[in-house]
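Dear colleague,

I am passing on to you the structure we spoke about, and below it I set out what was found in it. Please read the notes with the coordinates open beside them.

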Number of protein chains: 2
Amino acid sequence: MKLIRVAIWGFGAMGSGIGKMIAAKQGIQVSGVCDKWDKLVGREMYDYLDIDRKGQPEVFITADPAEIVDRDKTDIVILATDSFVKAQFDKIMFCLQRSVPVISTAEEMAWPWAQNKDLADKIDAEAKKRGVAVLGTGINPGFVLDYLILAASGTCEDVKSIKGARINDLAPFGNAVMVEQGVGISLEEFEKRIEADTLAGHVGFPESIEMMARGMGVKLTEIEQSREAIVTNIDRTSPHGFAGKGSLAGIRQQAYARNEKGDVFYHLDHPQQICPEAEGVSTGDYITIHADGYNMNLSIVPETPGGIGTISMVVNMIPQVLGAKAGLRTMLDLPVPRAILGDYSEQIDLDPGQYAERKKGDYVVVQRVVLTAQQRAPQVPEDTAQQPLIALFKGFLEDESAVPGDEVNVVTMSGRKDQAVLTARDPSAQHTYGRYVDELMQVHRQVCDLLYGGEEA
Amino acid sequence: MKLIRVAIWGFGAMGSGIGKMIAAKQGIQVSGVCDKWDKLVGREMYDYLDIDRKGQPEVFITADPAEIVDRDKTDIVILATDSFVKAQFDKIMFCLQRSVPVISTAEEMAWPWAQNKDLADKIDAEAKKRGVAVLGTGINPGFVLDYLILAASGTCEDVKSIKGARINDLAPFGNAVMVEQGVGISLEEFEKRIEADTLAGHVGFPESIEMMARGMGVKLTEIEQSREAIVTNIDRTSPHGFAGKGSLAGIRQQAYARNEKGDVFYHLDHPQQICPEAEGVSTGDYITIHADGYNMNLSIVPETPGGIGTISMVVNMIPQVLGAKAGLRTMLDLPVPRAILGDYSEQIDLDPGQYAERKKGDYVVVQRVVLTAQQRAPQVPEDTAQQPLIALFKGFLEDESAVPGDEVNVVTMSGRKDQAVLTARDPSAQHTYGRYVDELMQVHRQVCDLLYGGEEA
């Protein structure tokens, strides 16, 4: 199996967490890191993360994305830089133009058509042109208030409405989050800052909702979002925050999406505050699906961790993205995410049938190593020299039965008898007529113009 | 969009529930029903189900599968006949040999490699040969104790072990279930019947476990299953069952799967009894993922309904199976199930990018209706007469911008100007060199033998 090489662009809390997670996994390796922060540039990643390199190649953090986004050096880029499609657009296109697939942590990239249709269409077109996939995922959007709801609804014949709530505790976060989320401010200041739009909030409600609506075939007429103050009735104290009685413990953000009948079909609720337990509020992820005649109540208590959750979703979806159809993909059309404890590369192609037993007379593809990596000629390029030279050919199996990996006897179509290793390859011709290439069509027209004065032959 | 036509083979509780569900949905229709029970044969389905036919064609229940499994009449078969791969194998092959995709409700079909590798490989090979997909799904296996666990684990970096429990109440079930599940019998009788193997139990633990292990890359060394009596401490009474104090309220079935270290990695628990609430046991689906440093506790209370759940999973996965790669597929490699409230056919190809705006100069595929269905010549076959005759051609878009469905102006490669309707089709050549066809290869060899006495030209 091939090693999956991952380049990480953006090495903040998410990017460095992703680097740490990959370092602990099998069949996958960090191939490069890019970050513009001068305290990071030039540092060796494993050394910076203070983890054992375990014989993997050194990774020096660079400020130049061109050094890490390179088809010869990496199989996929993780973009962990921004929350918004507009902010990431140029970076995503930079990767795609180099034919490198992308997973983005930007919340809006989970369903970029929601608020950035033009950019989404451009990303999709470029990805298809280059034959690679792009995915936006994370814990939310990406899992709690969209994917998990969709999956649970799969057990329902009919659904009348859905309520999803994610109640978390900001207490573990640092000072920046306390300021952004308005912890400890007065109601008056909250209203001023709402007006000035200087309060951070959850990014992704429209994306989660539109993804669900598309997947469930629900026509929506309106998505309304609200933000309100969570005023505490007691003093609440966290390591980096304090909310005195009567001030803000945090902010509650909600979204209501109405269907064609005018009813609220999706109601998402995300209160973020310090120490909710102090006033008897249990943190957790809560989903209620109002099905036909009963309610489905799903809960995860305490809530799925945000940071670890996003890091894990991104890394665990890498095999799915590498195995996906080209284009802008979403959690709606890729296989189920799951913790991968074994070799990541073995998760790209799951097809258990490919290892099935072959019987005498079956037409199969076999291979033989002509030159091992050690036997390669000295003048071949370095990356070529690391690969064995393999001959692939087809024939009818002579042995009574065999599985891929076995040394077998075959008779080729021309009657030649040979011995080689059975592969899991399909004997069909796998090549196609290729993607439409605009540049070639332009060249074709120019050549016609030159040769025939604008007339085709 | 095309209407999805579904044939239902097996019209018991599951099959008839599936028929009812499809009848209430858009973009999908029952095309045929097969059941061998003489009380059903010849009955009209909508009449038998006592539901409004709403102008859909009548469906007469037949005992002959050949009447309903026909590529010209149906797009997919739902096999709702048995729990075991062996019992369904011939039926599945019957469908595949007619190039019709299959969704099976057989619990063992969720991951048939677990206990029936040879049959699974045969099904996979036949499905690939015919270019169609096969899926086994339901509520469990298919969702509660495998898919849902996998999805939740996707938010975890590392997993130490997993416990899944499905605690349900048999009280709503009839007399047959009471007898099969040993409700009300004594401990002595339980032990006798365990020995004689005349107690029904949950089918599917090995399948759920091996699916999860493959998806998570966990190497298992052993799967152990146990069944024990649930002895009631009080009298319990349900409409069709009675368990006196000291007798069996039901049976608890568990499975333990060990990893290479010898530790139990997956522990599945499925107690089935009448009136568990009578002794303070809450029904529900409970999952605990022991992650690295924290537990993820997911619950669905009360438990996901079994019957509705299986019916819904099967029907809701139809678009995914129609859009899947050929072969024996599983819940591990198909997109997320979800309740579909709109047109089912719109869920087959989700690609939102295909409807993107095209700009002036883009090379596009356009279409024009040459003859409407009404204008078709009287001598064409009936199914052809229902389709319009369409001309498809390619050209460079002349309009500044357009989306599929718009009437547009194009200039073809030969310079011809034309007006037609923009399609979402890809201008690339979509045809391939086709699948390997064993019969053609045999014919080729025979022809060579005849012409050249066994020598190729």
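Which residues of α10(B) are buried? In this model, which is a predicted one, they are B:Gly309, B:Thr310, B:Ile311, B:Ser312, B:Met313, B:Val314, B:Val315 and B:Asn316. Helix α10 of chain B runs over residues 306-316, and because 8 of its 11 residues are buried, the helix is largely enclosed by the rest of the structure. The partners of these buried residues come from both chains: they pack against α6 (147-153) of chain A, and also against α1 (13-23), β3 (76-79), β4 (102-104) and α11 (318-322) of chain B.

Turning to chain A by itself, the C-alpha trace spans about 90 × 65 × 55 Å along its principal axes, and the chain holds 13 helices and 20 strands. Of its 457 residues, 52% count as buried. Among the contacts in chain A between residues at least 6 apart in sequence, 69% join residues at least 24 apart. The chain is divided into domain 1, made up of 4-138 + 309-347, domain 2, covering 147-304, and domain 3, covering 356-457. The centres of domain 2 and domain 3 of chain A, taken over C-alpha atoms, are separated by 53 Å.

Strand β2 of chain A, residues 28-34, has 6 of its 7 residues buried, so this strand is largely enclosed by the rest of the structure. Its pairing with strand β1 (residues 4-9) of chain A is in the parallel sense and extends over 6 bridges, and within β2(A) the residue A:Gly32 is the bridge partner of A:Ala7.

The aromatic residues deserve a paragraph of their own. Over all chains the count comes to 15 aromatic pairs. One of these is formed by A:Phe143 and A:Tyr147, which are stacked, at 6.4 Å centre to centre and with 20° between the planes. A:Phe143 counts as buried because its relative accessibility is 0%, and A:Tyr147 likewise counts as buried because its relative accessibility is 0%. Another pair is that of A:Tyr363 and A:Phe396, whose ring centres lie 4.8 Å apart with the planes at 45°, so the pair is tilted. Since A:Tyr363 lies in strand β16 (residues 363-371) of chain A and A:Phe396 in strand β17 (residues 389-397) of chain A, the pair ties together parts that are 33 residues apart in sequence. Both A:Tyr363 and A:Phe396 are buried, and together with B:Tyr436 they form one aromatic cluster.

Chain B also supplies a charge at this place, for the charged end of B:Arg445 sits over the ring of A:Phe396, 3.8 Å from its centre. Within chain A, the charged end of A:Arg98 sits over the ring of A:Phe94, at 3.6 Å from the ring centre.

A:Thr412 lies in the loop between β19 (407-411) and β20 (417-422), and A:Thr412 is buried, with a relative accessible area of 8%. Leaving aside its neighbours within four places in sequence, A:Thr412 is in contact with A:Phe393, A:Lys394 and A:Gly395. A:Gln181, in the loop between α7 (175-180) and α8 (187-196), is buried as well, with a relative accessible area of 9%. With neighbours within four places in sequence again left aside, the contacts of A:Gln181 are A:Leu170, A:Leu199, A:Ala200, A:Gly250, A:Ile251 and A:Gln272. A:Gln386, by contrast, is exposed, with a relative accessible area of 51%, and is found in the loop between α12 (382-385) and β17. The C-alpha atoms of A:Gln386 and A:Arg376, which are 10 residues apart along the chain, are separated by 8.3 Å.

With best regards

Technical notes:
Residues numbered from 1 in each chain as written. Chains lettered and ligands numbered in written order. Predicted model: local features only at pLDDT ≥ 70, side-chain atom pairs only at ≥ 80, totals over all residues. Heavy atoms only, no water. Domains from an automatic or database assignment. Buried < 20%, exposed > 50% of the residue type's maximum accessible area, 1.4 Å probe, protein only. Helix = DSSP H or I, 4+ residues; strand = E, 2+ residues; numbered from the N terminus. Contact = heavy atoms within 4.5 Å. Phe/Tyr/Trp six-rings, centres within 6.5 Å; stacked < 30°, edge-to-face > 60°. Lys NZ or Arg CZ within 6 Å of the ring centre and 35° of its normal. Pairing = 2+ DSSP bridges.
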